[in-house]
Amino acid sequence: DSNFYNTPDEMNSAVLHAYQTMTFLDYLRPYMNIPLTASEEVFPKEGEGLNIDQFDEFKVDNRNQNLEQFFRLSYIGLNRANTVIEKSENSTFDVSFKSKFTGEALFLRAWHHFMLVRLFGEVPIQINAIDELSEVFGAKNAPIQDVYTQIIDDLNEAISLLLVERQGG
């Protein structure tokens, strides 16, 4: 940590790293398949595998890894966004860079909490970076209203930090 997050370029890399979790197939497949299949907008192909048919039939069992993969990658994304937020707070570079990076990370944190609460209902709210695995043991689910309150707070703060017009990236 002491060798990174020291320049705008390094912090931008950290922001891109936070976005990266949303590009993994293990994130995209469940993100698309779970709500669409359950809503009957799409139907799984015969023998497609991945246990997508369970969402069509509303009979999801513990062999279905779609939910686990999405849950895991969402919290990885949350942790990366929280790291950017924390490191931006302590940075010494120009406030416009600091605002941009923090705003994007707050948006990502809100996005992941939103997707999690939509799919799972009550979930742990994660607003701090996790450095040790022991920090996640015993995490308690928050009431749905508390998750939405955190989402709204993060989005309002992101709005105050981000420019209306996008500046590259």
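Predicted model: local features only at pLDDT ≥ 70, side-chain atom pairs only at ≥ 80, totals over all residues.
1. Salt bridges first. How many salt bridges does the count come to? The count comes to two. As background, oppositely charged side chains can pair when their charged atoms come close. The two pairs are taken one by one below.

2. K100 bridges to E104, with 2.6 Å between the closest N and O atoms. Both residues belong to helix α5, which covers residues 95-120, and they are four residues apart, or about one turn of the helix.

3. Now for how open that pair is. K100 has a relative accessible area of 23%, so it falls in the partly exposed class. E104 has 14%, and because buried means under 20%, E104 counts as buried. The cut-off therefore runs between the two partners, with K100 at 23% and E104 at 14%.

4. The other pair to look at is D154 with R109. Their side chains form a salt bridge at 2.7 Å, N to O. This pair ties together distant parts of the chain: D154 is in helix α6 (residues 144-161) and R109 is in helix α5, 45 residues apart.

5. On to L67. You'll find L67 in helix α4, which spans residues 65-89. Its relative accessible area is 22%, so L67 is partly exposed. Leaving out residues up to four places away in sequence, L67 touches I34, F55, V60 and F120.

6. Last, the second largest pocket. Its volume is about 220 Å³. Which residues line the second largest pocket? The lining is made up of F71, R72, Y75, N79, P124, Q126, I130, L133, V136 and A139. Sorted by class, that lining has seven nonpolar residues, two polar ones and one charged one.

Key
Residues numbered from 1 in each chain as written. Heavy atoms only, no water. 1 Å grid on protein atoms, 1.4 Å probe; cavity = no way out; pocket = protein on both sides within 12 Å on 5 of 7 lines; lining within 4 Å. Points joined across faces, edges and corners; volume = space filled by probe spheres on them. Nonpolar A, V, L, I, M, F, W, Y, C, P; charged D, E, K, R; others polar. Helix = DSSP H or I, 4+ residues; strand = E, 2+ residues; numbered from the N terminus. Buried < 20%, exposed > 50% of the residue type's maximum accessible area, 1.4 Å probe, protein only. Contact = heavy atoms within 4.5 Å. Salt bridge = Lys/Arg side-chain N within 4 Å of Asp/Glu carboxyl O.
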